[in-house]
Amino acid sequence: MNRLPRTEVLRYTAFSADPDGGNPAGVVLDATGLGDAAMLAVAADLGYSESAFLTASDGHGGHTVRYFSPKAEVPFCGHATVATALALAERDGPGELVFATAAGAVPVTVTGDGGELRATLTSVEPHVTDIAPDDLAEALAALDWPAFDLDPALPPRIAYAGARHLVVAAATRARLARLDYDFARLEALMHRLDLTTLQLVWREAARVFHVRDPFPVGGVVEDPATGAAAAAFGAYARTLTLVPDDAVLTLHQGADMGRPGTLTVELRPGDPRIRVSGTGTRIG
């Protein structure tokens with residue numbers, strides 16, 4: 001970090017206990033005094049899909065958190081939330097946290113079991129909306145996915161649980177594995193629709209899914225494990241009654257990138273919010 005030599009930047013991976021799995025994130029536990037340009041510079045230097053910056057603490061588990069990709073600030077990032085919570089737990093011990101984010105308050109619980117820490121975030125209240133046919137056609141053209149390769153049981157929707165994600169379901173695992181999209185074309189569409197990622201999905205079993213997340217608006221081709229999109233997908237699955245209201249879903253992500261990770265998504269009756277949990281570990 002030549003530009004910011006006094007800034008301590010931690011590196012964690014989220015949604016895997018293996019440093020070579022899951023999704024890596026930069027974590028700055030004390031970003032006091034860093035401006036927007038400085039935080040963006042740290043995120044760009046790291047090159048991870050997102051990095052998290054704590055800018056204030058109330059001394060009682062409450063923290064103000066901002067998230068930056070290498071190209072821009074994002075309102076919410078699930079994997080960097082998990083990484084930051086684990087970093088705080090290693091420093092201060094497991095417990096209850098509340099992150100004040102641009103999307104709203106996000107409670108996080110960190111527990112320890114047999115020496116392994118696990119973080120569970122609770123999303124802001126989600127919602128799910130339709131996508132215009134012309135916009136969907138443009139997304140499929142950018143992906144080079146013919147319409148007949150989609151799963152008709154999981155219709156495309158835009159889902160939000162802190163950030164907006166377009167959910168598109170593949171009919172086969174082979175279709176999901178073949179990801180070679182038009183970066184500039186998809187980026188332009190995502191900026192127009194204010195999308196953070198596309199949540200590409202294949203359903204293996206009733207509550208088991210494989211997912212991939214193109215992230216051109218963040219300056220990276222693909223996100224290895226995406227907590228915000230997992231929360232949005234939980235809202236999508238419940239809204240479309242694809243799963244019961246008390247379901248626990250397992251999302252596998254990153255295997256096609258050589259960084260396998262597992263995200264657990266929990267729905268609770270009477271609570272519209274989505275809970276996403278996973279392990280993680282420090283890198284280096």
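Visitor: Does phenylalanine 15 count as buried or exposed?

Guide: Welcome! This is a predicted model, in which local features need pLDDT of at least 70 and side-chain atom pairs count only at pLDDT 80 or more, while totals for chains, interfaces and linings use all residues. Residues are numbered from 1 along each chain as its sequence is written, and side-chain values use heavy atoms, with hydrogens and water left out. With buried meaning under 20% relative accessible area, exposed over 50% and partly exposed in between (1.4 Å probe, protein chains only), phenylalanine 15 at 2% counts as buried.

Visitor: Does threonine 241 count as buried or exposed?

Guide: Threonine 241 also has a positive phi, about 50 degrees, although it is not a glycine. This residue lies in the loop between helix 6 and strand 15 (248–253). With a relative accessibility of 64%, threonine 241 counts as exposed.

Visitor: How far apart are the end C-alpha atoms of helix 6?

Guide: The expected span of a helix is 1.5 Å times one less than its number of residues. For the 13 residues of helix 6 (residues 227–239), that gives 18 Å, which agrees with the model, where the end C-alpha atoms are apart by 18 Å.

Visitor: How many of the residues of helix 6 are buried?

Guide: Happy to count them with you! The buried set runs through Gly227, Ala228, Ala229, Ala230, Ala231, Ala232, Phe233, Gly234, Ala235, Tyr236, Ala237 and Arg238. Helix 6 is therefore largely enclosed by the rest of the structure, the buried count among its 13 residues being 12.

Visitor: Within what arc do the buried residues of helix 3 fall?

Guide: In helix 3 (residues 133–143), the buried residues are Asp135, Leu136, Ala139, Leu140, Ala142 and Leu143. Seen down the helix axis, they line one face of helix 3, because the arc they fall within is 160 degrees. That arc is taken over the directions from the helix axis to the C-beta atoms, and here its value is 160 degrees.

Visitor: Which elements do the buried residues of helix 3 pack against?

Guide: The face turned away from the buried side carries the exposed residues Pro133 and Asp134. On the buried side, taking contact as heavy atoms within 4.5 Å, the packing partners are strand 11 (164–169), helix 5 (183–193) and strand 12 (197–205).

Visitor: Why is the pair of phenylalanine 53 and phenylalanine 68 classed as it is?

Guide: Rings of Phe, Tyr and Trp (its six-membered ring) pair if their centres lie within 6.5 Å, with planes under 30 degrees apart counted as stacked, over 60 as edge-to-face and the rest as tilted. A search of the whole structure finds 5 aromatic pairs. In this one the ring centres are 5.8 Å apart and the planes lie at 90 degrees, so the pair is edge-to-face.

Visitor: How many residues apart in sequence are the parts that this pair ties together?

Guide: Phenylalanine 53 is buried, with a relative accessible area of 0%, and phenylalanine 68 is buried at 3%. Since phenylalanine 53 lies in strand 3 (residues 50–57) and phenylalanine 68 in strand 4 (residues 62–68), the parts tied together have a sequence separation of 15 residues.

Visitor: Which residues form one aromatic cluster?

Guide: Start with phenylalanine 233 and tyrosine 236, a stacked pair with 5.5 Å centre to centre and 25 degrees between the planes. Both lie in helix 6, 3 residues apart, about one turn of the helix. The cluster is made up of Phe209, Phe233 and Tyr236.

Visitor: What is the volume of the largest cavity?

Guide: On a 1 Å grid over the protein atoms alone, a cavity is a set of points where a 1.4 Å probe fits but cannot get out, a pocket is an open set with protein on both sides within 12 Å along at least five of seven lines, and lining residues have an atom within 4 Å of a point. Grid points are joined across faces, edges and corners, and a volume is the space filled by probe spheres set on the points. Among the lining residues of the largest cavity are Glu50, His79, His165 and Asp223. The volume of the largest cavity is about 60 Å³.

Terms used
Helix = DSSP H or I, 4+ residues; strand = E, 2+ residues; numbered from the N terminus.
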